[in-house]
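Dear colleague,

Please find the structure below, handed over for your records.

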Amino acid sequence: ASGLDAELTIAGGGALLGEYRALAAQLGLGRSARFLGEESDRARLMHELRCADVFILPTRREGLPRALLEAMAVGLPAVATRVAGIPELLHPDDLIEPEDAHALALKVREFSVSRQRRLEASRRNLRRARDFEASKLRALREAFYAHLVREFEQ
């Protein structure tokens, strides 16, 4: 409605997938909304991420979302809700409150119209995702376990 020419690709399944498809049809989105469903082919999913301009995760509840980390690791700017572990990952400028569709639309528009905004978020997300590389997490886990052993030996 705002004149933004966008294409939405939705990855994942779940109980509401049928409702989302029906809503897209009802809104007349046609090929502007594409539903991948559950995607078990990691190479295909990574290809989809690399082809995207923005990753959007408007969730009501989440832990530390692997999907968001994967998007960040390929340098995607992202918008997500300020729930659970997500604020540990994303810059505050890229967060919205749950259920705030208007704020979500504004953030997506920001990224759509500003190349500079996308580049800043992309660089920031790529740097942050590196903190979650397997080797770094392994070292942190080992240090944590060593700390526990020392505490229990006392």
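**Surroundings of N125**

Apart from its neighbours within four places in sequence, N125 is in contact (heavy atoms within 4.5 Å) with M72, L76, P77, A78 and L90. The model is a predicted one, in which local features need pLDDT of at least 70 and side-chain atom pairs count only at pLDDT 80 or more, while totals for chains, interfaces and linings use all residues. Residues are numbered from 1 along each chain as its sequence is written, and side-chain values use heavy atoms, with hydrogens and water left out.

N125 belongs to helix α6 (residues 115-130); helices (H or I, at least four residues) and strands (E, at least two) are DSSP runs, numbered from the N terminus. With a relative accessible area of 1%, N125 is buried (buried means under 20%, exposed over 50%, partly exposed in between; 1.4 Å probe, protein chains only).

**Strands β1 and β2**

Strand β1 (residues 8-11) runs parallel to β2, and four bridges join them; two strands pair if DSSP finds at least two bridges between them. One of the residues involved is T9, whose bridge partner in β2 is R34. Of the five residues in strand β2 (residues 33-37), four are buried.

**The aromatic pair**

One aromatic pair is present in the structure. The ring centres of F144 and Y145 lie 6.0 Å apart with the planes at 55°, so the pair is tilted (centres within 6.5 Å; planes under 30 degrees apart count as stacked, over 60 as edge-to-face, the rest as tilted). F144 is partly exposed at 45% relative accessible area, and Y145 is partly exposed at 47%.

Yours sincerely
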